[in-house]
Structure formats: structure tokens, C-alpha cells
Amino acid sequence: MSDAIHMKGVRKTFGPKVAVQGIDLAIPQGSMYGFIGPNGAGKTTTIRMIMSILFPDAGELSVLGKKSAVESKDRIGYLPEERGVYRKMKVRTFLEHMGKLKGMSSESQLKKSVNEWLERVELEEAANKKCEELSKGMQQKIQFISCVLHKPDLLILDEPFSGLDPVNMRLLRDLIKEQNDSGVTVIFSTHVMQQAESICDHIVMIHQGEKVLDDTIQAIRESHDPRSVLYTPANGSFNHDALTSIAGVRSITSSERGHEALLDDDADQMGVLRSIVAGYDIVGAELRRPTLEDVFIEIVRGDSEQDAETIRRSLTEEVAS
Amino acid sequence: MNKILHVAYREFASTALTKGFIFGALVLPAIFAVLMPLIGFLFDNAKAPADVGRVAIIDRSQMLAPMLDERLQPEALAAARRGSTQQLTEQMKDAQNAVQNPDQEGEDATQQLDTIAGAVDTLLGETPQFSIDILDTDANLEEAQQRLRQESDDETQRTLVVLEIDNNAVVRNEGELDYGSYTLFARPKTDPRTTGTIERTVERAIKDLRYDLAGMDKEELRRITRVERRQVQEVTEKGTRSSKQAMQFILPGAVLVLLFMGVMTGGQYLLTTTVEEKSSRVVEVLLSAVSPMELMFGKIVGQMIVGLSLTLIYTSLGLVALFAFALTDFLEWLDLFYMVIFFLIAYVMIASFMAAIGSAVNEMREAQSLMAPVMMGLIFAFYLSFPALLSPSAPWAVALSMIPPFSPFTMLVRIASTEPPPTWQIWLSILIGIIAAYASVWFAAKVFRVGLLMYGKPPNFRTLIKWIRMA
């Protein structure tokens with residue numbers, strides 16, 4: 001199966017600022033890819049180049065087998081980060097206009113499709129309202145419909161969940177999954193790593209314009225296994241240092257995640273876990289699974305400590321917001 | 001192409017198919033069209049109530065008072081008015097020619113226009129009902145003026161006007177060449193038609209007396225001094241026709257205004273919709289479906305149809321008027337073709353800049369400083385074309401008609417003038433215009449592509465140049 005997107009050495013600069021530097025990427029058809037990275041990492045610029053809204057200064061890029069997205073725009077659904085609607089336009093008119101721009105020539109098919117989608121997202125009553133009368137979340141659903149109305153082969157969603165409440169977030173996540181299940185290649189970018197973790201099967205991490213990670217979730221977890229056991233003591237007088245006597249336990253640490261026993265590289269993780277549960281007064285213990293955030297911080301820490309802190313703060317702020 | 005048309009249609013529909021636009025472009029002129037005759041009708045029928053009151057005369061010449069007493073009586077005024085009406089038609093005809101040739105006999109023309117104005121005044125309003133008070137020839141003017149300050153419940157007792165006639169108004173003082181005149185003192189806010197009636201009556205009486213004393217036959221004198229002025233006849237291949245020289249200024253002037261209006265309207269709307277699309281952040285959604293070029297061309301075409309529609313609506317109204325007044329002789333159909341061509345050139349040039357500016361700014365307020373040079377260029381082009389109405393073949397007019405953005409305006413004026421330029425000049429101007437329009441689109445396309453996705457600090461011209469290099 002050919003790749004939906006193929007990039008080789010793609011580079012983009014804005015004056016002196018290098019936004020994207022030499023990205024190589026191959027996204028197979030039918031996959032669900034997550035672009036993650038902090039704000040300003042180069043995700044949106046990469047996506048805009050894929051969409052031929054911006055053009056690379058150097059490198060090769062093909063989308064759905066064509067040299068540029070311009071040639072296959074009607075097969076792509078795109079929800080940009082900076083999204084909006086025609087405020088004064090009625091919802092139905094807006095969707096029909098976008099459908100026509102996406103090459104839907106059959107008027108009856110277009111109307112039918114609009115009605116079906118409005119029903120799906122429970123906005124059928126909003127069809128004749130002006131876009132400005134809708135809430136931000138409702139507008140976002142309308143924008144999502146405008147991306148999928150023409151049954152694209154490739155769906156690119158830039159920060160699709162921002163500004164949504166948990167209910168609508170779940171609805172949108174289900175709709176995205178549904179699109180992917182039906183064979184649509186989905187790429188979405190987010191700076192909220194948990195979202196990517198929960199929905200994607202493949203992650204591309206971008207930092208300072210460079211691709212720093214490109215792997216499946218499973219492979220990332222395996223290669224970035226923190227080799228530690230999280231445990232919860234039964235009482236406050238628990239002697240943490242006692243755990244270091246277990247073979248394979250290197251040290252004990254406490255953080256916002258809780259108490260953690262860090263293991264030697266060659267330690268038997270399951271053996272250590274069993275020893276902790278059997279021999280000590282604890283109410284819970286588990287092997288720590290690496291989060292994308294951990295992985296990301298680990299990677300950027302390689303660059304410089306200051307960077308890692310900046311990124312951690314940025315990620316924490318974004319999650320909180 | 002299909003997408004450009006979709007964008008163009010949306011642009012046209014969102015601008016022209018709105019209540020505001022239809023009201024402004026169609027309903028408002030229609031209301032005016034209905035109102036104008038109505039206003040005319042009301043003017044014709046709005047006869048002011050007859051002025052009733054007294055006219056005090058201090059005749060220092062001691063010769064005019066009896067004549068004025070007679071001529072200012074209601075019956076005499078009514079008779080004079082009937083006479084004026086008869087003269088009006090002929091005078092109008094003469095004066096029209098005089099206005100069309102202002103340099104030739106300007107003084108005469110002004111005099112005749114005064115006569116017409118007087119006649120029109122006479123036609124309006126009921127005949128005044130004056131009572132005449134002849135005061136002593138040596139009466140004190142101050143005391144006489146005091147009458148104008150006195151109020152009275154009985155209108156017939158109220159003095160409307162005090163007329164003081166100079167002692168030498170009819171007979172010159174010894175050793176002087178010039179005659180004296182008269183002064184009219186009136187209450188504040190006296191109807192000008194009333195004072196006008198008195199003035200004309202007094203002037204005519206003075207002249208008649210002067211003629212009599214000079215032993216001249218006043219009727220014969222009028223016949224001698226009046227020369228019927230006939231319209232200039234233009235000799236064409238088909239024969240001769242009456243020249244409507246005023247049309248030679250009105251037509252190019254109207255074409256100029258229409259062109260300016262169409263270009264301005266389309267350009268302004270283009271700017272507004274582009275800024276709206278950018279500020280509402282819908283632009284990137286659009287860019288996922290169409291390329292920046294398709295979007296820009298679609299918008300330019302859409303607003304071009306708006307501007308062209310508006311221009312054609314008003315042109316059609318003008319044509320209807322020309323047909324109605326049987327003035328189609330003055331219409332060269334080829335000129336209409338040129339009008340459309342030059343509209344397109346002027347519009348594309350201005351619209352490109354408007355699109356570029358619209359894409360570069362975040363809101364309308366920021367557009368003002370960038371728009372200023374474009375607007376100045378357009379306004380200069382518009383106003384600099386007016387002198388070409390009088391000198392269509394002057395070297396500067398020829399030069400301006402070749403240099404964009406002046407060329408569409410100046411060339412159209414020259415084409416519609418009495419001295420149309422040779423065809424090669426017109427087509428050279430069109431060629432230069434097309435090249436300039438292409439360059440404008442090229443410039444706009446570069447800025448548009450980069451500017452649409454740029455938010456934050458509004459750019460200056462240096463930034464725009466940087467964007468062009470970047471794109």
C-alpha cells in the first residue's frame with residue numbers, strides 16, 4: 001500500500017527563523033498518526049506544507065500520490081488550528097458552500113449529506129441559524145462536518161480538541177476513530193500528549209522544527225520503559241529506604257506521581273513488584289508505564305536541561321488550560 | 001475554474017444580494033427617480049400665499065412715483081406676468097445657447113439668465129397685493145425705515161418694503177455720464193419673490209422713462225437689441241443635426257463618475273470581505289479547499305461583477321434617459337465597449353491592491369494607513385482626468401492616458417470628448433493597462449499568499465516587500 005504522505009528533507013524558514021528543518025516522514029494509508037510537540041514546535045507549519053498552504057524551501061513532499069495537496073485537495077479534509085466560520089452565514093449555507101468548494105457537484109447529495117451529519121452531531125435544529133449564533137463548541141462541530149462532508153481519503157486535524165468540553169471531546173474522538181476505521185488516513189496534531197496517547201497508533205514528535213520521534217505507541221513504550229515501580233504506602237510512617245534492600249532496586253524517589261522505586265537495568269521488574277507487594281505494608285503497587293510526556297521530556301532533556309523545564313511548564317500549562 | 005466561480009458567486013451573493021446593497025444600489029436611486037418629479041411638481045404647485053402689505057416710495061427723482069403706483073397695482077402686476085410668460089420660452093432657447101458658449105457673449109448670457117430667473121420668479125406665487133404709499137420726495141429715510149419695524153395685526157396696514165429712488169435715476173446730473181439707481185429696504189425674511197417683483201417693476205419703469213426722455217421708441221429698441229440665437233448645427237455624413245455641446249461635457253463626465261464609483265465600490269467591498277474572512281479565521285478553512293490564487297481570483301471576479309453591475313445599472317438608467325430625450329445620436333456604442341474594458345483594467349489594478357491590503361491586516365482599522373496611497377492614486381487619477389474634458393488632445397492629457405493608474409480615466413474622457421484619440425493610442429493604452437493590471441495581480445498574489453496566514457502586528461510597506469520576496 002502506498003503512503004498517504006511522503007516527506008523527505010522538508011525544510012521551511014520564515015526569514016531567519018527555521019520553522020521546520022529536514023523532516024523525513026512516511027505515513028501509510030489508513031493509519032492514525034499523531035503529531036505532538038509543544039506550541040511553536042513546527043507542527044502547524046508541517047501540516048500547512050502538507051496542505052500546500054505553505055510551500056517548503058527544500059525537500060520533497062507528496063500527498064495521496066500527488067506532488068502537492070493542491071492536486072488532491074478534494075480528497076483531503078482539513079481542520080486548521082486557526083479555524084472560523086462565516087459569522088453571518090447560515091450553518092446549512094456554510095456547509096453547502098464548503099461542500100461545493102470541495103468538489104461536491106450533486107446538489108441533492110450535498111443536501112442529504114449535510115442533513116445526515118447535522119443529525120449525527122445533534123445540531124439539526126441549528127441548520128438555519130447563523131453561525132455566529134452558535135457556541136464555540138457547536139461551531140467546532142460544524143467545522144468538523146465541513147472536513148468530512150465530502151468523504152475524504154485523508155483527514156488532517158490541527159488541535160481538534162481545543163476548546164471542547166469533555167462530552168464533545170468524546171463525541172469528536174469517536175467520530176475521528178470512526179473515520180479511521182472506515183479506511184481514512186487521519187493525522188492530528190496536539191500539544192496535549194494524553195489525547196494523542198488515547199487515540200493514535202503512531203506518534204511523530206516534533207521539537208524545534210525537527211522530528212525527534214517517529215514510532216508506534218507500543219514501540220515507544222518499550223523503548224522508553226522507565227523501569228520503575230510505583231507504590232502507595234499504607235501509612236505515613238512507612239520506611240521507604242527499606243525497599244532498597246530488595247535486589248534490583250537502585251533507589252527510591254518521590255514526585256508528583258507518587259513514590260517510586262527505580263530499578264537497575266538488568267532487574268526483574270515482575271520479581272521486584274511481587275517482593276514489594278508481599279513484604280511491605282502498602283495498599284497498591286504497579287509497574288510504571290511511560291507517558292508520552294515522559295518520553296518527550298526525556299528526549300528534550302538530551303538537548304538541554306533548560307529546554308526540558310520549559311517544555312514541561314508549557315505542557316503543564318496547556319493541559320491545565 | 002469551477003472553484004473560482006464558486007468563490008466569485010459567494011462573494012457576489014454575500015455583497016450584492018443583501019438588503020443593504022439592494023436598497024443602496026437600486027431602491028435609493030429609484031426613490032430619487034420618483035421623488036425628483038414629485039419635488040418638481042410640488043415646486044410648481046407650491047405657490048406662496050400672496051404677499052399683502054404696503055410699499056412706501058420715496059421718489060427723489062420726482063418722476064417715477066405715479067408710474068410705479070400704477071404698475072405695482074395687482075391688476076398691472078398680473079398683466080406684466082402674462083407678458084413675461086410669453087417671452088419665457090424664447091428666452092430659454094436663447095439662454096441655453098449662450099450658456100453653451102460662455103466665452104462668446106458671457107455678459108449677454110448672464111443678462112438673459114437673469115431675465116429667465118425673473119420670469120420664473122414671476123411664475124411662482126400669487127400676485128402680490130400691494131398698497132402704495134407715496135412719501136414726500138424729501139422724506140427722512142430713517143423715519144420711513146421705522147415703518148418696517150412696526151407690526152400690525154392688519155396685514156394690509158403693514159409696510160413690506162421702503163423704496164428709495166435716487167434723484168438722478170431717470171435724468172443724469174449735469175456733467176455725469178452714469179445714471180443713479182434705487183435702494184430697496186425690506187422687513188427681515190421678506191419673500192425674495194416679492195422683492196424681485198418690485199425690483200423688476202422699478203427697473204422697467206426707470207428704463208421706460210429713460211427711453212421716453214431720450215426720444216426713443218422702447219418697443220423698437222427692444223426689437224433692435226434682441227438677436228435670436230439659433231443652435232449650432234453639426235454637419236455629419238448623414239446630414240445636419242442640432243449640436244448639444246453641453247452633452248460633450250456631460251457624457252465624459254458621467255462616464256468618469258461611473259467608472260470611479262464602480263471601481264471604488266468593488267474595491268472597497270473586496271477589502272472588507274477579505275479582512276472579515278481573515279479576522280473570523282475562516283480563511284484557512286477556505287485554503288484547505290482552494291488555493292490562495294483561486295481564492296483571490298474568485299474574490300476579485302465576484303466583486304468585479306458587483307462593481308460592473310452597479311456601473312451597468314446606472315449606465316442603463318443613463319441610456320434610458322438618452323433614449324427618452326432622443327439624444328442617442330451622441331452615443332457611440334464603441335465607447336461603451338471601451339468603458340467596460342477600461343473599467344476592468346482600473347478595477348483589477350485597484351482590487352489587487354485592496355485584496356493584498358485586506359490579506360495583510362487583521363482588522364479594518366489597520367487597513368487605513370496602507371489604503372491611503374491606493375486611495376490617493378485613485379483620487380488623483382479621477383481628478384486629473386477632469387481637465388482633459390476641456391483639452392482632450394493636450395500633450396499632458398495624451399501622456400496621462402498612457403500611464404496607469406491615470407490611463408483608464410483620462411483615456412475614457414478623451415474617447416468620449418469632441419476630439420477622440422486615434423485608435424492606436426486607445427489600444428496602446430489598453431495594452432499598457434493590461435500589463436499594469438497583470439503586475440498588480442502578481443504583486444497582490446505574493447502578498448495575499450503570505451499575508452492571509454499572518455496575524456499580529458500590522459505590516460508596513462517594507463514588510464509587504466519582504467513578503468513578496470518570501471512568497
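Predicted model: local features only at pLDDT ≥ 70, side-chain atom pairs only at ≥ 80, totals over all residues.
The contact between the chains is considered first. Chain A contributes 24 residues to the contact, and chain B contributes 20 residues. Together the two chains bury about 2,300 Å² between them, and 63% of this area lies on carbon and sulfur atoms. Polar interactions also cross the interface: 10 residue pairs are in polar contact there. On the side of chain A that touches chain B, helix H2 (residues 91-101) of chain A gives the most, with 5 residues. The residues on this side of chain A comprise 13 nonpolar, 3 polar and 8 charged. Across the interface of chain A and chain B, 2 salt bridges are found. In a salt bridge between A:Arg48 and B:Glu284, the side chains meet with an N to O distance of 2.7 Å.

Over all chains, the count of salt bridges comes to 22. Within chain A, one of them joins the side chains of A:Lys12 and A:Asp57, at 3.7 Å from N to O. A:Lys12 lies in strand S1 (residues 3-14) of chain A and A:Asp57 in the loop between helix H1 (43-50) and strand S4 (58-63), so this pair ties together parts that are 45 residues apart in sequence. With a relative accessibility of 7%, A:Lys12 counts as buried, whereas A:Asp57, at 45%, counts as partly exposed.

A salt bridge is also formed by A:Lys111 and A:Glu96, whose closest N and O atoms are 3.4 Å apart. Here two helices are connected: A:Lys111 belongs to helix H3 (residues 107-120) of chain A and A:Glu96 to helix H2 of chain A, so the pair ties together parts that are 15 residues apart in sequence. A:Lys111 is partly exposed, its relative accessible area being 36%. A:Glu96 has a relative accessible area of 10% and is buried.

In chain B, B:Arg54 and B:Asp133 form a salt bridge in which the closest N and O atoms are 2.8 Å apart. Because B:Arg54 lies in strand S1 (residues 52-59) of chain B and B:Asp133 in strand S2 (residues 129-134) of chain B, the pair ties together parts that are 79 residues apart in sequence. B:Arg54 is buried, with a relative accessible area of 18%, and B:Asp133 counts as buried at 15% relative accessibility.

Salt bridges in chain B also link B:Arg10, B:Glu11, B:Glu277 and B:Lys299 in a network. B:Arg10 and B:Glu11 are among the buried residues of H1(B), which also include B:Lys3, B:Ile4, B:Val7 and B:Phe12. Helix H1 (residues 2-16) of chain B has 15 residues, so at 1.5 Å a residue it should span 21 Å; its end C-alpha atoms are 20 Å apart, which agrees.

The side chain of A:Arg288 makes a polar contact with the side chain of A:Glu260, at 2.6 Å. Leaving aside residues up to four places away in sequence, A:Arg288 touches A:Asp225, A:Pro226, A:Ser228, A:Leu230, A:Arg257, A:Glu260 and A:Asp294.

How values were computed. Residues numbered from 1 in each chain as written. Chains lettered and ligands numbered in written order. Heavy atoms only, no water. Polar contact = N/O pair within 3.5 Å; in protein donor to acceptor, adjacent residues only side chain to side chain. Contact = heavy atoms within 4.5 Å. Buried area = accessible area lost by both parts, 1.4 Å probe. Salt bridge = Lys/Arg side-chain N within 4 Å of Asp/Glu carboxyl O. Helix = DSSP H or I, 4+ residues; strand = E, 2+ residues; numbered from the N terminus. Nonpolar A, V, L, I, M, F, W, Y, C, P; charged D, E, K, R; others polar. Expected span 1.5 Å × (residues − 1). Buried < 20%, exposed > 50% of the residue type's maximum accessible area, 1.4 Å probe, protein only.
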